[in-house]
Amino acid sequence: MVVKIDRHGQASVLTSDEIELLFNDGFLTDRDRTLFGVCLFSACRIAEACSLLTKDVYATNGGRVRSELIIRKANTKGKLGTRTIPVIEDLRSLLSSWQPNAGATYLFPGRHLNHHWKHLHPESASHILAEAFLRVGMEGFSTHSFRRTALTQMSNAGIPLRVIQKLSGHRSLAVLQEYLEVGDAQVRGAANSLSALGYVRKHSFSDSEPDLSSLRLIQSSESLKSPTIDIE
């Protein structure tokens, strides 16, 4: 696998241990943990996470976390369509903790209110992540690692590609498949599955069955004997 270095190559998929290390020791603020938690648990792009509207995450009556995130068509790559992503418990916990800090308009408001970007800029998020990776001594990863990790996890869990595509928002299955990492264990498993095609002798003679080869020898020897003539 070619890892990503200086924005070249493909972003590596995160392991469970790397995710734990990054979220516990790499990220220093609740904002960073929530931002990249959204990327991980919704398989969305970093630009989509940064531009989430607060009202598309929290219900207006009571402010509770919605059962689904709404990623609007205008904020998606290629503007292919609005997506709704079910909120799992891990993500709900992060969003509940972040709620008091959410912006009036955007979930992750930018620091410069007069700037063209009223929400956290994706490039700023990329710098935040690079510092977090440096802090824990990890390389070969980028903001896209969270999306690749989520999609690969779903694929490994046996979720049909059509279902994954609905969550990921990819234009085609061919593009989606480029995101999915194939591990050595999966390749070995694929090869091992061919053992089902091997020839296996399913019938063996038991002690109670006659030995046909012996029977043929007996019949042959009998035919060689002189014929018996009855004399009356």
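Biologist: Which residues form one aromatic cluster?

Modeller: This is a predicted model in which local features need pLDDT of at least 70, side-chain atom pairs count only at pLDDT 80 or more, and totals for chains, interfaces and linings use all residues. Residues are numbered from 1 along each chain as its sequence is written, and side-chain values use heavy atoms, with hydrogens and water left out. Rings of Phe, Tyr and Trp (its six-membered ring) pair if their centres lie within 6.5 Å. The residues in one aromatic cluster are F23, F27, F36 and F146.

Biologist: How do the planes of F27 and F36 lie, stacked or edge-to-face?

Modeller: Planes under 30 degrees apart count as stacked, over 60 as edge-to-face and the rest as tilted. F27 and F36 are 5.1 Å apart centre to centre, with 5° between the planes, so the pair is stacked.

Biologist: What is the direction of α2 relative to α4, roughly parallel or roughly antiparallel?

Modeller: Helix α2 (residues 30–42) packs against helix α4 (residues 89–98) at about 150°, the axes being 9 Å apart. Angles under 35 degrees count as roughly parallel, over 145 as roughly antiparallel, 65 to 115 as roughly perpendicular and the rest as oblique. Therefore α2 is, relative to α4, roughly antiparallel.

Biologist: A43 has a positive phi; is A43 buried or exposed?

Modeller: A43 is not a glycine, yet its phi is about 60°. A43 lies in the loop between α2 and α3 (46–50). Buried means under 20% relative accessible area, exposed over 50%, partly exposed in between (1.4 Å probe, protein chains only). With a relative accessible area of 2%, A43 is buried.

Conventions
Axes are lines fitted to C-alpha atoms, for helices over the stretch in contact, and angles run from 0 to 180 degrees between N-to-C directions. Helices (H or I, at least four residues) and strands (E, at least two) are DSSP runs, numbered from the N terminus.
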